[in-house]
Amino acid sequence: MNPREKIQHEHESAVIDEFLSCYNEKQQSKYIVIEKPDPPEAIARDGDNFIWIEHSDIYRGPEEAKAERSSVTPGETPYKRKEHL
């Protein structure tokens, strides 16, 4: 796994953990991730109930995505966007 893939994987895991925390609080459930087959990013279980979790980052353009990842990926020079911020 290259550094950018590792960053993406860690980001997805953090978003899924935060989602499940909020979901469990709102639904009074106890879902936990039991598998990460990719796709989906995660399958969670609460007793006999299962949910499938798919994560997507939506960017306004390729420069936004490049700028976001380059600033946190080891060995990459942070990319400054030319488009409007």
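1. Let's start with a charged pair: in this predicted model, the side chains of Glu68 and Arg69 come together in a salt bridge, with 2.6 Å from N to O. Glu68, at 34%, is partly exposed.

2. Now look along the chain for other pairs like this. The structure has five salt bridges. One of them joins Arg4 to Glu76, and the closest N and O atoms are 2.5 Å apart. Here the pair links distant parts of the chain: Arg4 sits in helix α1, while Glu76 belongs to the segment after α2 (62–70), 72 residues apart. Arg4 counts as partly exposed, at 29% relative accessibility, and Glu76 is also partly exposed, at 29%.

3. Arg60 pairs with Glu64, where the closest N and O atoms are 2.8 Å apart. Arg60 is exposed because its relative accessible area is 67%, and exposed means over 50%. Glu64 is buried, with a relative accessible area of 15%.

4. Next, the nonpolar side chains. Which residues make up the largest nonpolar core? There are seven: Ile16, Leu20, Tyr31, Ala42, Ala44, Ile51 and Ile53. Helix α1 (3–27) and strands β2 (42–46) and β3 (49–53) are the elements that each give two or more residues to this core.

5. Leaving aside residues up to four places away in sequence, Ile51 touches Leu20, Tyr23, Tyr31, Ala42, Ile43 and Ala44. Ala44 also stands opposite Ile51 in β3.

6. That takes us to the strands themselves. How many bridges pair β2 with β3? There are five, and the pairing is antiparallel. The hairpin formed by β2 and β3 has two residues between the strands, and Gly47 takes a positive phi near 65° there.

7. Finally, turn to the surface. Ile32, Ile34 and Phe50 form a nonpolar patch, with about 310 Å² of accessible area together. Ile32 lies in strand β1, which covers residues 32–35. Why does Ile32 count as exposed? Its relative accessibility is 54%, and the cut-off for exposed is over 50%.

Key:
Residues numbered from 1 in each chain as written. Predicted model: local features only at pLDDT ≥ 70, side-chain atom pairs only at ≥ 80, totals over all residues. Heavy atoms only, no water. Core = buried A, V, L, I, M, F, W, Y, C linked by side-chain atoms within 4.5 Å. Buried < 20%, exposed > 50% of the residue type's maximum accessible area, 1.4 Å probe, protein only. Helix = DSSP H or I, 4+ residues; strand = E, 2+ residues; numbered from the N terminus. Contact = heavy atoms within 4.5 Å. Patch = residues over 30% accessible without salt bridge, like charges linked within 9 Å, V, L, I, M, F, W, Y side chains within 5 Å. Areas by Shrake-Rupley, 256 points an atom, 1.4 Å probe, with all protein chains shown as cover. Salt bridge = Lys/Arg side-chain N within 4 Å of Asp/Glu carboxyl O. Pairing = 2+ DSSP bridges.
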